[in-house]
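Take a look at the fold below.

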Amino acid sequence: MATKKQNFKIGDLVVGAYDFMEYLYYKSLYPDDVPEPPTYVGVVTHVDYQPYYFGEYIYAVLCIDGLTRYFLEDEIAKL
């Protein structure tokens, strides 16, 4: 099985935002007052490919607040 090419590499400066379902529910109740999801800025420290569960890369990002957070490929973008 061929793995797809990763879009980010270790050391890339990225911004990430989790894609939570609760924002969809909130939007259906209050369509004009939708809060933006929090965004996190950090550096990619580890890349792992999980084809069985997610079918894409998982990125460990050391954020500027000192916490490591995990994002899927479609949840982050390069700065």
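What follows is a short tour, from the overall fold to a single side chain.

**Overall fold**

This is a predicted model. The chain has one helix and five strands. Along the sequence they run in the pattern β-α-β-β-β-β. The chain has 79 residues, and 28% of them count as buried. Take the contacts between residues at least 6 apart in sequence: 50% of these join residues at least 24 apart.

Strands of a sheet pair through backbone hydrogen bonds, in either a parallel or an antiparallel sense.

| Strands | Bridges | Residues between the strands | Glycine with positive phi |
|---|---|---|---|
| Strand 2 and strand 3 | eight | five | glycine 55, near 75° |
| Strand 3 and strand 4 | five | four | glycine 66, near 95° |

Cysteine 63 in strand 3 is the bridge partner of glycine 42. Threonine 68 in strand 4 is the bridge partner of leucine 62. Tyrosine 59 stands opposite phenylalanine 71, which is in strand 4.

**Aromatic pairs**

The structure holds six aromatic pairs. One of them joins tyrosine 18 and phenylalanine 71. Their ring centres are 4.6 Å apart and their planes are at 20°, so the pair is stacked. Tyrosine 18 lies in the loop between strand 1 (13-17) and helix 1 (22-29), while phenylalanine 71 is in strand 4. The pair therefore ties together parts that are 53 residues apart in sequence.

Phenylalanine 71 is buried, with a relative accessible area of 1%. Its ring also pairs with that of tyrosine 40. Here the centres are 6.4 Å apart and the planes are at 45°, so this pair is tilted. Tyrosine 40 lies in strand 2 and phenylalanine 71 in strand 4, so the pair ties together parts that are 31 residues apart in sequence.

There is also an aromatic cluster. It is formed by Phe8, Tyr49, Tyr57 and Tyr59.

**Arginine 69**

Now to the arginine. Arginine 69 lies in strand 4, which covers residues 68-72. Why does arginine 69 count as buried? Its relative accessibility is 13%, and the cut-off for buried is under 20%.

Which side chain makes a polar contact with the side chain of arginine 69? It is that of aspartate 65, at 3.0 Å.

Arginine 69 also lies over the face of tyrosine 40, at 3.9 Å from the ring centre. The two residues are 29 apart along the chain, and their C-alpha atoms are separated by 8.7 Å.

Leave out residues up to four places away in sequence, and arginine 69 touches Tyr18, Tyr40, Tyr59, Ala60, Val61 and Cys63. Some of these have come up already. Tyr18 is the stacked partner of phenylalanine 71, and Tyr40 is in a tilted pair with phenylalanine 71. Tyr59 belongs to the aromatic cluster. Cys63 is the bridge partner of glycine 42.

Notes: Residues numbered from 1 in each chain as written. Predicted model: local features only at pLDDT ≥ 70, side-chain atom pairs only at ≥ 80, totals over all residues. Heavy atoms only, no water. Helix = DSSP H or I, 4+ residues; strand = E, 2+ residues; numbered from the N terminus. Buried < 20%, exposed > 50% of the residue type's maximum accessible area, 1.4 Å probe, protein only. Polar contact = N/O pair within 3.5 Å; in protein donor to acceptor, adjacent residues only side chain to side chain. Contact = heavy atoms within 4.5 Å. Pairing = 2+ DSSP bridges. Phe/Tyr/Trp six-rings, centres within 6.5 Å; stacked < 30°, edge-to-face > 60°. Lys NZ or Arg CZ within 6 Å of the ring centre and 35° of its normal.
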